[in-house]
Every structure is written in structure tokens, then in C-alpha cells.
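I hope they are handy to read beside the coordinates.

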Amino acid sequence: MFLINCPYCGERDQSEFVSGGEAHIARPKQPTELNDDQWAEYLFMRKNIKGIQFERWNHAHGCRKWFNVARDTSNDKIEKIYKMGEQPPKL
Amino acid sequence: MSKNLRINNKQFIDETRKLSFIFNGKKLYGYKGDTLASALLSNDIHLVGRSFKYHRPRGIMTSGSEEPNAILQIGNDDALTEPNVRATEIELYDGLICNSQNCWPSVKFDIGGINNFLSPLLPAGFYYKTFMWPASFWEKYEYFIRKSAGLGKSPTKQDPDMYDHRYMHCDILIIGGGVSGLIAAKIASDDNKKVLLLEDKELLGGSLIYDDNDISKIDNQKSSEWLKKLIENIKNDKNIVIKTRTSLAAYHNYNFLLARQNLTDHLSVNDRNNKIRQRLYKIRAKKVIISTGAIERPQVFHNNDRPGIMLASAVKKYIDYYGVRCGLENVIFTNNDSAYETALSLHKSGTKLNAIVDIRNNSSSEIVNKVKSLGIQIYWNHTIVNTKGYKRINKVTIMKLNDKGNDVIGKKIELNCDCLAISGGWTPMVHLFTQSGGKLKFDNKDNIFVPDKTNLNQLSIGSAKGDFELDDVLKNSIKDTKKFLQIENSNFDKIDIQCSKENEKKNIWLLPSDKPLSKTKPFLDYQNDSTAKDIKLALREGFKSIEHVKRYTTTGMGTDQGKLANMHALGIVADTTNTNMGDLGTTTFRPPYTPLTFGTIVGRNVGQFFDIFRKTPMHDWHVDNNAKFENVGQWKRAWYYPKNSETMHDAVQRESKAARESCGILDASTLGKIDIQGTDANEFLNRVYTNAWSKLQIGKCRYGLMLNEDGMVYDDGVTTKLGENHYLMTTTTGGAANVMSKLEDYLQTEWPELDVFLTSVTDHYATASVCGPNAKKIINKIFKDLDLSDESFPHMSFKEVKLGNINCRVMRISFTGELSYEINVEASYGKYIWEKCIEAGKEFNITPYGTETMHLLRAEKGFIIVGQDTDGTMTPVDLQMDWIISKKKYDFIGKRSLYRSDTVREDRKQLVGLLTDDPNEILEEGAQIVKDENKKPVNMLGHVTSSYFSPTLKKSIALAVLKEGKKLKGQKLLVPMIDKTIKVTVSDTVFLDKENERING
């Protein structure tokens, strides 16, 4: 059970949060200009790496804010938490 | 049972409080302070159970949670009885009733014992190998195997006990109240840290607290005396919270731990009334110190499982702590010095010790010399090759080891004994460390796995990290704790310790015998009856991974989870395969460390708290009017309102007829409601719904369909424009929370530039939906000043009116196809407005209807229910709802996916209507639709999603999803059922009022 440092509320138990999958996959601004493969890349393709993964998390049972988490999937250690819109840290 | 095995020892046992208990129907006595095991032993009872597979007699072997044999059925009440309780852990209480398990008719004469003689036919994997063939016979085999599987009996009635959960937070959590844990607690407390100290026994102090030899001294005092003073000190320490009878169950990541406290299991049954039985602590610790100690290993030799064979440390504890002799003629068998402490305890208590058998060549440590000086016979470099005595050991046969230690030589010597104390060294309890993700390393010197790397803020100390000598335990615990807590000095820095030091080590995982291995029974896992032979067989048959060997032989898979067996199993695998044990690794230790009852896990979340439910403000009225309820998400929705002896079918027919012919009323309060405000609210709706919203005027309502980004229908509902930048969106009942989350997600992450605010108001408003040809008359009676003419208040529009002081939002929208008004009021007025409608509708026979009738009414009109007629694979085009997809909008959620190669396929499953050839035949929802049932394999074309009998149309109607359904209109298809095949014709999805005339009353 993680302890997640919500950037708006502070440290809270994982049970207050929901995970929203991989971060930094921006919705294409002009979907109609994309061919099927490009759209499928956005829609379906997600990384599943061992190591640092950038993820979206939502403080669903708290402030309901979304934010980003850099998590090491090999040991679940959260290396960095940063707000939506910020660039991923170099780790 | 006339032997007096109790010796005078008033330290931990209260001999003034005699307790009676019943074991296998016989009344026996013990004292307050006893465990069930020590009380049984004091009555000279060793034989308490039968082994799982061979039904061999088994006795109490240990004094702790590692006990493999003495697992009993406690209690005889259908609700309170508990199987697999370790006699070594349960404290004796007056009136305790316990019985042996896995034996019939009795533990002394067990028919299953025949398996022991059949054992050559029952090797590892016997069941896998035998009952696989022929495959079709499995069902027959299973019946018999199930009967012989399992140990105790589960309670058959609901658990009446109360359980509790509590969160705890601390700076330092210390697991284990032995000497190293206590020292760490004191050091942390002196540094002003908030300490939580857990101890699974009733008393602090671990094994040192009953240490009674004169060799171990701390600060020139007897070590146990020194420890008692420390405990007194700690008990008065305000920084330290102590929880005894509390065992750690699970150690999760981020120092989140679960511990179970036993609150009443040690009380007599009458004293437990209205008390919480167990409490589960959910602990968050900044730092964790693991001081769980070590458990002694047995040795592996032929017939090492007879009643009377016990761990040497247990024999010592029963004497020194409980004042109970385990036998009157003792033999000790060891490979290390610690068993010599048992020898001293036996000697001191005046108990006869016939001999010590030691596989080492010699030892000259202080403690061994002391034993030598007492004149006790020691057989150096000897091993036990056999034991005798079926229900209680009476003899051991020993032989000399050869130089390599792989064979025996010389003459057999027989020694009499009724108790054999064995010690094969010590295994650090690293379970919690590995549960938390820590990695182990192998220590070749002591043949143990010790904690190595961890990602967490934690420390292992004492024998849990592999220190076994008193001075190492204390000095390293002090040093490591200080470093861990970043403390310079402690009050223990000048501690002075005297103890014996072990200087000879020897370890043989599988001791040699004069017989070939195939003729011996050297047990590893006592509970699951796996022997060294089974391990070797598994290796011969090609199992290499230790995890596979474990599963194939079931070694370590009993309720003790291999606490005793695992190290020997690993050692034998390593020896046989010439592998380094460190390279072999261990099997995975999983929580819980000791079994937990389900009651503890669920805590208070039982009965009505198992899954909380939501009630609408009108709920009580529904109850009073005999509603049957349906669960929709967490809501309780009125399902139908049976009158007299009506069945659901009868009630639904009556309710729907009333709604079509006069007037019905539905509680629609559960629909999700989202208040949307902001200057970009309109743009937002354009982006989340498939249809266009730009031209919607204030006071008008519009139906919207929401997709996922993959183009599949996600939710639907009517949204009303309340003001220039103000909308009220409704969602499906079940989808409300998800829709809210999805919309917030887009607003925060994709479109943060939009000025839009969302507020969930589902619980803030109650909704009464009045429909039917007489709906207008009823609404007119309630809101006398409201102009209900079609010009002023047309379909899909909204008016805000007052009823007294109550603000009412009235929408003219319809999910039934009838003229229909939805009145929304603040939730606290919900029941009032509902009753007002009922009262006003009385003269029109207003009929409350539930969700079932609602479903029928909308199906007659071909309106979909998201989640019933859709399943996450239906696009709006599949639903024949092309009309709702805006052609003009550049983008909306899911738009691009609507022309992916997969979504434009014409042979997708599409929503159609179905009519049965026999109008009285009602299809079953979920039934498959086929064209030809004779051609195998039968090709499934689709399935029925909604099906009802329409009283208005006087025939059965159904909605279905069907491959290429749009093209199949008019086609005859088949719905095969278990006892018949129903003929159907594909139809339009709208069955009633295709011209939409009823909407105007």
C-alpha cells in the first residue's frame, strides 16, 4: 500500500487514489488528420516497462486533482511527484 | 496419567488458578498461564493428531507458531468452532473444548493409519499421476479426494463474534518484544521517538525472560533478572505503546503493516460477551525494526516424527517457563551448543537426561564443559538412525558417523527415552523482511538466510538477522539501532555481557542411516508428510526450481507454511544437485505470517455494512407501499410494487398498463446529476457529447450520447440549459461517478484552458417523474399557475416554478414515450413532492412503477439502456443511432474512432428488435441467436439484450444485438433454449407509437 504525497493535500494512503495509466500521452489536437495507425498508437499503445514509469494518478477520495507520478515499477518506489502540465523529470 | 510432570515454578504459571478443559472428550486440568500445549504435556499427553497423508501419530513438537502437528479443533459450537488452532499458541482458559483433527474414529485408533503401510504406493505427486487418467474419470475421483482432503472442520454458521479495525501511526514500529526489540524500543524512546512495540505472546521478553542458567550474565546480573528490570522500565515509558498478544500478519510496501491483536481468545467463553474478539491494526510506520527472533530447526533422520520428539528449545521452555516436564527419560540430539541449555534446564529441574547425541566431533565451549562436568553421557560424532514407539517414542538407535558424515559405522547403540529433544540449529525469521520486498543472502557459516537489501526504511536486529550468541545479539542490536536512528549515544553503551561462545559447527541436512533411503522415513514437512525421499524423487523427475519442488512435494504448504521444513528441503536440494544454497534461493514468503480468521480481515464490514447502500429521499414511501427493491450500483431502487399476491410479471403488467392508459410515477432520483457552469460550458458539452449543443436555448433540454475515445457508447442522458453558462447534466444511475471522473479528467488534463466547473449534485436533488396521458392534469393540479400548453412548455423544455417556498425544476422529458414531466426539488423535499403527486393523481389512479416497468416502457419505444443493450463494444452506428452523431463538429470524444477500419465494418453486431412467432413466448435475456442449429459448430449471430411482454401490444418484444442486424430485418432466426427452440423474426427497434404521438398526451 503506497503512501502518496498528493501535491495539493500531502501524504495520503493509496486507498484515496486511483491510477490513470501512463502519463504524457496528449490527446491529438487534430484527430481527423491522423490515419488509423497513428490514432491506434494514441488510443491503445502503452508502455509496460520495468523501471521508472511516468503515470497519472488522481486523488479521487480527496481533492480530486490529477497529477503525475514517476514510479519505479520494479520496487514501487515513487521517485517524483509533479503537477499536470509539467515536464517529466530526468531520472 | 498419574505421572507428575509439573514441577514447581510459580513465576509464569498461576498455580492458584486451576483451569479445566476437555481434550477428545476427557476432562483435564491446567493452570492460568498455560498454553493448551503445556497443559496437555503436563497431563503426559503428546499424541494429539494424525498426519495429513499417512495418518501417522503426531505429538506436540514446538512451543510456538511454527507448530506443525498440534493443530486442533477448538470448541464444538457450529458458529464458534475454529479448526487448525495451534495448541502451542492458544492460552488455556476454563472450559476450553478441543479435539484432534484428521483422524477417525479417534486419534489413538485411526483407520486412515493404513495409509502409513501403503506409503510406498503414495509418493510425491501420487495424486497428480494417478487420478489424471482417464480424464473423464476426474469427477468420480474428485468426490473421494475431496472427502479425504482438509484437516479440521469449518464452522457452519455465521460468526457471531465482533472484530475491529484500527489505524495506527508511529515513528518506530518494533516487531517482536524479545531482548533486542526491547533494547531498540528503549533506545528509540530515549531519543523521544513514538514507538509502537508488538509482541505476539502475552508477556514481553522472548526466550531470555525464562533463561535460568548461570553462564549468561548482563551487567553482572542473571540475564533474565536484568531483562525484567528493562521491561518494567519500558512499561512505564510514555513514548512506548505496547501491544501484546499481537502478531504481525503482513508487511507491505511503504512500511504499511497489518497486525492482529487477540483480545478475548484467552478468556473463558462467559467472559467474552460483548467484547471485541480480535482487532486488526493497519499501521503506517516511519521506520520499522524487525526483531522477530529465530526458530529452531529439527534434524532429518529416519522416523523423526514420533510423539515425544520435540525441539530442544521447546523442551527447555516447557520446563523453565511452564514448569512442565515433557518426559521423564530424556535424550538430546543436536548439532550445536544451544541444546546444552536444555540439558542444563533438565538437570536443574531434576529431570533425567539419559544422554546427549551430538553429530559434532567435540566442543569445548563453556556451556558444553559445564554439561560435561555434570557427568552427562555425550555421544560425539553420533547420529540417530532410527526411533521406536508408535504412539510415543520409547527408544532411539544411534550409530557413529564416518569422517565425511555421509554414512554410519560401528555398532548400533539403543537408548531409552520418552522424550527426544532435537536441535538442528536456528533459522532467523526473515518472513516479514522478505514480505516487504527485502532480498536475502546466504550465510555459509551458520547455514542461514539473512536479510540483505531492502528499499524500505527498516532494520532487522537480533537473531532475526542471524545473531545467536547473547553478546552478539545485544551489542549488534544496540549498534545497529543507534546507526538506524542516527543516535550518537545510548544508555546501553557500557553494557557488560558474559556468555558461552559456540566454537564448533557442523550441519548435515539429511543424516545418513544404516538403511537405504528408500526404506526410511526422514520427515521434512510434518504436517504434509513430505520426506527427504519425496524431494529426491521430485529432483529425479526433473523438477529443478525450488518453487516447483515445493508444489510437487507440498513441502512447506501446510498451515505452518514450512517454518520448520523449508531450510532442510533447500539443503537437500542443494546437496543433491551440487548447488550453493545461496544460488538456489528460497520459496516466496507470503502474508499472512500466521493464519488470520476471515472475521479479522473484514472487521466491521459485515451485514448491513458489507456494502453500504444509498436510499432516495422517497425510500420510506416505497417501503411503506410494499416495493420490492433492485440494486443499481449502490442504490436501492424500487423495482416493482406488488399488490396482494401479485407476481413480478403481474405487477409490471399492471404498472405499465396504468402508465400508458392513465398515469404512472417513477422515482428517478438516482440518476446522476452534474451541475456544469462556466463560460466554456457549451463548448465543453460539444466536446463530450456526439451531437451539437451550440444552438440549445435557455430553458431547453437535449438528449446526449457520450462515447469513450475508442468510439464505444459510454453513457447517455438529458442535459438542460438552465442559464447562459449553466447546465444540468443527467447520467445513468450506475455511470454517474465514472462520468464525473471522466469529465474532470478531460477538464484537468486535456482542456485546462476551458472555463468550466463541475459539481456532482446527484444527492442534492430528488426527482419524481410523472408520465401518461393524464400527467398534464396532475401537474396542473400541483402547479396551478404553470402554463402547460405545448406552445409555452413543449417537449424537451424546462420551467422553474415555486411550490410554496420550494424551488421546483420541472422538465418535460420522457423515457417512456408518454407525455411526461420530471419534477426536481431539493432532496429534503423529495418525499413531500412525491406524496403531493400521489395525492393529486389519486383521481387518475396514479400508479407508482419501478425500474422493471420503466425498462418495459422504454423497450416498447426502442430506447436503449447503456449497460444493458450496450456492453462497451457498441458504437452509436451499431445502435442505429446515426442521427445523434454531429457531422458538423470538428471533434468530440470518440469521433475519430467512428471511422477506424474496425468500426466501419458492416458485419458488426447491431441493435435490432426481435418478435417471437408465438406472441406469448418471452425470450430470455442473454439467449443466443442462431440461423441454423443443425450445422455444427453452430454459428452464434448475437444475443438478446432486453426482453418483455408488452401488455399494450399484447405480445412479447425484445431487443438484441445481431451480426449484420441492420440487413436482416424481416429474417427468421432461431433462439435455441435448453428444452426448445424459439422462432423469431428480426424487426425494427421501435415497437410502439412509431409516429411519436403519445409524447403530446
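1. Chain A has an accessible surface of about 5,300 Å², and carbon and sulfur atoms account for 46% of that area. Chain B exposes about 42,500 Å², with 50% supplied by carbon and sulfur atoms. Accessible areas here come from the Shrake-Rupley method with a 1.4 Å probe, and for residues only the protein chains shown count as cover.

2. A word on the ground rules: this is a predicted model, in which local features need pLDDT of at least 70 and side-chain atom pairs count only at pLDDT 80 or more, while totals for chains, interfaces and linings use all residues. Residues are numbered from 1 along each chain as its sequence is written, chains are lettered from A and ligands numbered from 1 in the order in which they are written, and side-chain values use heavy atoms, leaving out hydrogens and water.

3. Chain A holds one helix and six strands, arranged along the sequence as β-β-β-α-β-β-β. Helices (H or I, at least four residues) and strands (E, at least two) are DSSP runs, numbered from the N terminus. Along the principal axes, the C-alpha atoms of chain A fill a box of roughly 45 × 30 × 20 Å. Of its 91 residues, 37% count as buried, where buried means under 20% relative accessible area, exposed over 50%, and partly exposed in between (1.4 Å probe, protein chains only).

4. For chain B, the secondary structure comes to 23 helices and 50 strands. The box around the C-alpha atoms of chain B is roughly 115 × 70 × 55 Å along the principal axes. Buried residues make up 59% of the 1001 residues in chain B.

5. On contacts (heavy atoms within 4.5 Å), I looked at pairs with a separation of 6 or more. In chain A, 45% of these contacts involve residues 24 or more positions apart; in chain B, the share is 66%.

6. Next, the charges: Lys and Arg count as positive and Asp and Glu as negative, with His and the chain ends not counted. Each charge is placed at NZ of Lys, CZ of Arg, CG of Asp or CD of Glu. In chain A, the mean positions of the 14 positive and 13 negative charges are 5 Å apart. Chain B has 137 positive and 124 negative charges, whose mean positions are 4 Å apart.

7. Where does Lys29(A) sit? Lys29(A) is found in the loop between β3 (18-22) and α1 (36-44) of chain A. Lys29(A) counts as exposed because its relative accessibility is 66%. Leaving aside residues up to four places away in sequence, Lys29(A) touches Glu750(B) and Tyr890(B).

8. One open sheet in chain B has three strands in the order β21-β22-β23, with antiparallel pairing. Its edge strands are β21 (382-388) and β23 (408-416), each pairing on one side only. From one strand to the next, the twist averages 25 degrees. Six bridges link β22 (residues 395-401) to β23(B), and Val396(B) has Leu415(B) as its bridge partner. Two strands are said to pair if DSSP finds at least two bridges between them.

9. Another open sheet of chain B has six strands, ordered β41-β42-β43-β40-β34-β44, with mixed pairing. Here β41 (797-803) and β44 (847-848) stand at the edges with a single partner strand each, so one side of each is left without a neighbour in the sheet. Strand β34 (residues 664-667) runs parallel to β44(B), joined by two bridges, and Ile665(B) has Pro848(B) as its bridge partner.

10. Strand β50 (residues 981-987) of chain B is mostly covered, with five of its seven residues buried. Four bridges join β50(B) to the antiparallel strand β45 (residues 909-916), where Leu914(B) stands opposite Val986(B). Strand β49 (residues 972-976) also pairs with β50(B) in the antiparallel sense, over five bridges, and Leu974(B) stands opposite Lys983(B). A hairpin of four residues connects β49(B) to β50(B).

11. Finally, a helix: in α12 (residues 532-540) of chain B, the buried residues include Ala532(B), Ile535(B) and Leu539(B), along with Asp534(B). After α12(B) comes Gly542(B), with a positive phi near 100 degrees.

Conventions
Axes are lines fitted to C-alpha atoms, for helices over the stretch in contact, and angles run from 0 to 180 degrees between N-to-C directions.
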